Amino acid sequence: MRTAVLLFGMGLCVLNVTSSLKICAFNIQSFGEAKANNKKVMGILLKILSRCDLCLIQEVRDSKGEAIQALVKELNRFDKSNSYSFVESERLGRNTYKEQYVYIYRNNVLTVKEQYQYPKLEEGSNKTDVFSREPFIVRFHSPTTLVKDFVLIGQHTCPKTAMKEMDELYTVFKGIHKKWKTDNVMILGDLNAGCSYVTVKGWRAVRLRSDPKFRWLIGDEQDTTVRKKTNCAYDRIIVHGREIISSIVPGSAQPFNFKENFHLTEEEALEVSDHFPVEVDLKPNHRYLLRHEL
């Protein structure tokens with residue numbers, strides 16, 4: 001009997017370490033054909049992305065649509081213990097400069113339930129078009145975690161209008177809450193939420209900050225930039241909903257400093273991106289995992 005209890009306890013410990021779900025957001029700074037064809041850069045990207053069960057990639061700039069396909073193909077070769085798929089937004093931008101949002105996820109642990117491209121305002125509308133790149137929103141089902149269904153709102157703000165865009169994400173949240181009837185929402189991405197792009201006075205007007213129901217998991221003091229001379233919390237993860245908030249692994253929300261972890265020079269790291277990814281872990285559902293894995 002004691003042996004069975006001990007084995008059960010050991011099983012829980014192993015699951016606790018290995019089976020939380022890691023969600024990441026990474027601005028790969030102008031990811032396109034050139035980076036996809038750079039073996040050294042791709043090698044580092046594969047090591048970064050293989051740490052994540054789900055990753056929102058921003059600044060995908062590839063009109064042919066081949067760079068992401070190549071990245072996911074290589075990721076499946078690199079990490080044979082998992083199977084990766086992706087879902088991508090439209091090409092977004094107000095002029096000839098266009099970007100895409102892409103969610104890369106392990107389809108052996110996650111499924112896409114719904115996706116929604118936040119609409120651009122119609123011409124002639126009396127409202128102000130706040131977003132330079134409208135949010136891309138995906139609802140995921142996750143059977144292995146305590147929170148089974150959650151929504152990710154991916155956003156890359158324009159630096160000059162970062163505070164207005166962050167405030168407008170509150171309106172986006174309200175619309176999604178009404179549309180999909182869910183509280184469990186995570187807003188993530190390069191919000192340019194630091195340094196010269198934000199002000200103390202401006203923060204007071206950002207509804208995501210003033211509403212206590214939203215938890216900012218990446219703090220103002222954290223550095224999500226690669227360059228040593230900068231120290232800015234541009235990239236953020238914000239959660240709403242009792243269930244998802246209680247599912248966060250304490251202390252897991254942080255930037256991932258791939259420069260230090262992979263022993264790169266600043267120059268080598270900047271070939272990959274000028275941003276670090278940000279990440280957070282969701283607690284596993286031990287009952288599900290014990291039924292299916294032990």
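**Strands, then helices**

Before going on, the ground rules. This is a predicted model, where local features need pLDDT of at least 70, side-chain atom pairs count only at pLDDT 80 or more, and totals for chains, interfaces and linings use all residues. Residues are numbered from 1 along each chain as its sequence is written, and side-chain values use heavy atoms, with hydrogens and water left out. Helices (H or I, at least four residues) and strands (E, at least two) are DSSP runs, numbered from the N terminus.

Back to S6, residues 136-141. S6 and strand S7 (residues 149-154) run antiparallel, joined by six bridges. Strand S5 (residues 111-117) also runs antiparallel to S6, again with six bridges. There, Tyr-116 has Ile-137 of S6 as its bridge partner.

Is S6 buried or exposed? Five of its six residues are buried, so S6 is largely enclosed by the rest of the structure. Buried means under 20% relative accessible area, exposed over 50%, partly exposed in between, using a 1.4 Å probe and protein chains only.

Next, an open sheet. Six strands form it, in the order S3-S4-S2-S1-S12-S11, with mixed pairing. Two strands pair if DSSP finds at least two bridges between them. S3 (84-88) and S11 (254-255) are the edge strands, each pairing on one side only. Inside the order, S2 (residues 54-60) and S4 (residues 100-106) pair antiparallel over five bridges. Cys-55 has Ile-104 of S4 as its bridge partner.

Now the helices. H3 lies across S1 (21-31), S2, S3 and S4, at about 155° to S1. H4 lies across S1, S2, S3 and S4 too, at about 160° to S3. Axes are lines fitted to C-alpha atoms, for helices over the stretch in contact, and angles run from 0 to 180 degrees between N-to-C directions.

How do H3 and H4 pack? H3 (residues 39-49) and H4 (residues 67-78) meet at about 65°, axes 10 Å apart. The pair is therefore roughly perpendicular, a label covering 65 to 115 degrees; under 35 is roughly parallel, over 145 roughly antiparallel, the rest oblique.

Who makes the contact, meaning heavy atoms within 4.5 Å? On H3, Met-42, Leu-45, Leu-46, Lys-47 and Leu-49; on H4, Ala-70, Leu-71, Glu-74, Leu-75 and Phe-78. By class, that is eight nonpolar, no polar and two charged residues. Nonpolar covers Ala, Val, Leu, Ile, Met, Phe, Trp, Tyr, Cys and Pro; charged covers Asp, Glu, Lys and Arg; the others, Gly among them, are polar.

Conventions. Contact means heavy atoms within 4.5 Å.
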